[in-house]
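The following questions and answers work through selected features of one protein chain. Please keep the sequence and the model in view while reading.

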Amino acid sequence: MALVERFNEAAENVKNLTKRPEDEELLELYGLYKQGNFGDNNTAKPGVLDIKGRHKWEAWEKLKGTSKDSAMEKYIAIVKKLLDKYS
């Protein structure tokens with residue numbers, strides 16, 4: 001199975017978790033998902049009052065320079081770990 005197919009499958013599988021992962025785990029997933037799909041973050045940093053948006057932006061921004069393939073592989077590995085932990 002191609003990397004993109006495994007990545008998309010992991011993105012679907014993460015929706016089947018029976019418990020909500022911790023905030024840090026969700027932010028890591030978010031950043032890796034965005035990096036895997038879109039590459040480096042080139043969006044403006046959200047304003048000070050958008051706390052949730054800033055955390056998500058920062059999770060993606062810290063992955064700057066990571067290749068899409070590497071981000072996809074890491075995302076797939078984390079989803080597998082979360083499925084074991086929360087399913």
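Helices, as named below, are DSSP runs of H or I with at least four residues, numbered from the N terminus. The model is predicted.

Q: What percentage of residues 3-87 is helix?
A: Over this stretch, strand accounts for 0% of the chain, and the end C-alpha atoms are 23 Å apart. The helix content of residues 3-87 is 67%.

Q: At roughly what angle do the axes of helix 1 and helix 4 cross?
A: Two packed helices are described by the angle between their axes and the distance between the axes. Here helix 1 covers residues 3-13 and helix 4 covers residues 68-86. Helix 1 passes helix 4 in a left-handed crossing. The axes come within 9 Å, and their crossing angle is roughly 35 degrees.

Q: How many residues of the contact of helix 1 with helix 4 are nonpolar?
A: On the helix 1 side, the contact includes Leu-3, Val-4, Phe-7 and Ala-10, and on the helix 4 side it includes Met-72, Tyr-75, Ile-76 and Val-79. Of the residues in this contact, 1 is polar and 3 are charged, while the number of nonpolar ones is 10.

Q: Which residue forms a salt bridge with Arg-6?
A: The structure holds 7 salt bridges. In the one made by Arg-6, the closest N and O atoms are 3.0 Å apart, and the partner is Glu-73. This pair links distant parts of the chain, 67 residues apart, with Arg-6 in helix 1 and its partner in helix 4 being Glu-73.

Q: What is the relative accessibility of Glu-73, the partner of Arg-6?
A: Arg-6 has a relative accessible area of 27%, so it counts as partly exposed. Glu-73 is also classed as partly exposed, because its relative accessibility is 38%.

Q: Where does Glu-22, a salt-bridge partner of Lys-85, lie?
A: The closest N and O atoms of Lys-85 and Glu-22 are 4.0 Å apart. The two residues are 63 residues apart in the chain, and Lys-85 is in helix 4. Glu-22 lies in the loop between helix 1 and helix 2 (23-38).

Q: How far apart are the closest N and O atoms in the salt bridge of Lys-85 with Glu-25?
A: Lys-85 in helix 4 and Glu-25 in helix 2 are 60 residues apart and link distant parts of the chain. Salt bridges that share partners join Glu-22, Glu-25 and Lys-85 into one network. In the bridge of Lys-85 with Glu-25, the closest N and O atoms are separated by 2.9 Å.

Q: Is Asn-41 buried or exposed?
A: Asn-41 is found in the loop between helix 2 and helix 3 (51-61). Leaving aside neighbours within four places in sequence, Asn-41 is in contact with Gln-35, Trp-57, Trp-60, Glu-61 and Lys-64. Because its relative accessible area is 3%, Asn-41 is buried.

Q: Is Asn-42 buried or exposed?
A: Asn-42 is found in the loop between helix 2 and helix 3. Its C-alpha is 26 Å from that of Glu-9, which lies 33 residues away in sequence. The relative accessibility of Asn-42 is 70%, so this residue counts as exposed.

Q: Which residues does Thr-43 touch, not counting residues up to four places away in sequence?
A: Thr-43 lies in the loop between helix 2 and helix 3. With a relative accessible area of 39%, Thr-43 is partly exposed. Beyond four places in sequence, Thr-43 touches Trp-57 and Trp-60.

Q: What is the C-alpha to C-alpha distance between Asn-13 and Leu-83?
A: Asn-13 is found in helix 1 and is partly exposed, at 27% relative accessibility. Asn-13 and Leu-83 belong to the contact between helix 1 and helix 4. They are 70 residues apart in sequence, but C-alpha to C-alpha their separation in space is 8.0 Å.

Key:
Residues are numbered from 1 along each chain as its sequence is written. This is a predicted model: local features need pLDDT of at least 70, side-chain atom pairs count only at pLDDT 80 or more; totals for chains, interfaces and linings use all residues. Side-chain values use heavy atoms; hydrogens and water are left out. Axes are lines fitted to C-alpha atoms, for helices over the stretch in contact, and angles run from 0 to 180 degrees between N-to-C directions. A crossing is left-handed if the near helix is turned anticlockwise from the far one by less than a right angle, and right-handed if clockwise. Contact means heavy atoms within 4.5 Å. Ala, Val, Leu, Ile, Met, Phe, Trp, Tyr, Cys and Pro count as nonpolar, Asp, Glu, Lys and Arg as charged, and the others, Gly among them, as polar. A salt bridge is a side-chain nitrogen of Lys or Arg within 4 Å of a carboxyl oxygen of Asp or Glu. Buried means under 20% relative accessible area, exposed over 50%, partly exposed in between (1.4 Å probe, protein chains only).
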